[in-house]
Amino acid sequence: MARFQEYQVVGRKLPSEQDAAPKLFRMRIFAPNVVVAKSRFWYFLKKLRKVKKAAGEIVSVNIISEKRPEQIKNFGIWIRYDSRSGTHNMYKEYRAMTRVEAVETCYQDMAARHRARFRSVQIIRVAEVKDADVRRQYIKQILSPKLAFPLPHRLQTPPKAKRGLFVAKRPSTFY
């Protein structure tokens, strides 16, 4: 089971006398649960617009599920993260079955390569990338239709008539 889920959170500023029908804001947020998704929504909305949790309300929270979770796809992820020296923008590509899987891999990758924690990584955009539009070499090398891997140290099984229960020598795995 995935560590994260993709949530669609819709919220707005509380209605007032000046603005009876305030504008709705919708975000797709990757989080482990609903509580964290709502918290991240307010974190981003406070940065983007002048709306904070005390003066706003969440209209709905839905889980977004993948259309084709059984098919492998290429994903491009635009992120922004805070390192020890400053804030950086980044574009990364991953091959995964779902958007959530790709984002999960991205968080693991950022933690491993850049020591970036969940709180310091902001997912700006996640998009499915066609094979022709892939930019990164480490993904391009997997897209070859004639992709083959060597199979070293394979164990040859002798025919049934020559097979014994106990054999005096170890099996040879080299050709």
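Modeller: Two strands pair if DSSP finds at least two bridges between them. Strands (E, at least two residues) and helices (H or I, at least four) are DSSP runs, numbered from the N terminus. This is a predicted model, in which local features need pLDDT of at least 70 and side-chain atom pairs count only at pLDDT 80 or more, while totals for chains, interfaces and linings use all residues. Residues are numbered from 1 along each chain as its sequence is written, and side-chain values use heavy atoms, with hydrogens and water left out.

Biologist: What is the order of the strands in the open sheet of three strands?

Modeller: The order is E2-E1-E3, with antiparallel pairing.

Biologist: Why are strand E2 and strand E3 called edge strands?

Modeller: Strand E2 (24–31) and strand E3 (56–64) each pair on one side only. Neighbouring strands of this sheet are turned by 25° against each other on average, direction ignored; axes are lines fitted to C-alpha atoms, for helices over the stretch in contact, and angles run from 0 to 180 degrees between N-to-C directions.

Biologist: How do you know that strand E1 and E3 are paired?

Modeller: Eight bridges join strand E1 (residues 5–13) to E3, and the definition asks for at least two, so the two strands count as paired. They run antiparallel, and Arg-12 stands opposite Glu-57 in E3.

Biologist: Which helices lie across E1 and E2?

Modeller: Helix H1 (residues 34–48) lies across E1, E2 and E3 and runs at about 130° to E2. Helix H2 (residues 99–114) lies across E1 and E2, at about 65° to E2.

Biologist: What makes the span of H1 close to the expected one?

Modeller: The expected span is 1.5 Å times one less than the number of residues. H1 has 15 residues and reaches 21 Å from its first C-alpha to its last, close to the expected 21 Å. At the start of H1, a side-chain oxygen of Asn-33 reaches to within 3.3 Å of the backbone nitrogen of Val-35. A polar contact is a pair of N or O atoms within 3.5 Å; within protein, one must be able to donate a hydrogen and the other to accept it, and residues adjacent in sequence count only if both atoms are side-chain atoms.

Biologist: Which residues of H1 are buried, and what covers them?

Modeller: Ala-37, Arg-40, Phe-41, Trp-42, Phe-44 and Leu-45 are buried. Their cover includes E1, E2, E3 and E6.

Biologist: Why is Ala-31 called buried?

Modeller: Buried means under 20% relative accessible area, exposed over 50%, and partly exposed in between (1.4 Å probe, protein chains only). Ala-31 has a relative accessible area of 0%, so it is buried. Ala-31 is found in strand E2 and touches Phe-4, Gln-5, Tyr-7, Val-36 and Ala-37, not counting residues up to four places away in sequence. Contact here means heavy atoms within 4.5 Å.

Biologist: Is Ser-120 buried or exposed, and where is its place?

Modeller: Its relative accessible area is 13%, so Ser-120 is buried. The place of Ser-120 is in the loop between H2 and E6. A polar atom of its side chain lies 3.0 Å from the backbone oxygen of Arg-117.

Biologist: Why is His-153 called partly exposed?

Modeller: The relative accessible area of His-153 is 48%, which places the residue in the partly exposed class. His-153 lies in the segment after helix H3 (137–140).

Biologist: Why is E4 described as largely enclosed?

Modeller: Seven of its 10 residues are buried, so E4 is largely enclosed by the rest of the structure. E4 pairs with E5 in the antiparallel sense over 10 bridges, and the two form a hairpin with four residues between them. E4 also pairs with E6 in the antiparallel sense, over eight bridges; in E6, the bridge partner of Phe-75 is Glu-128.
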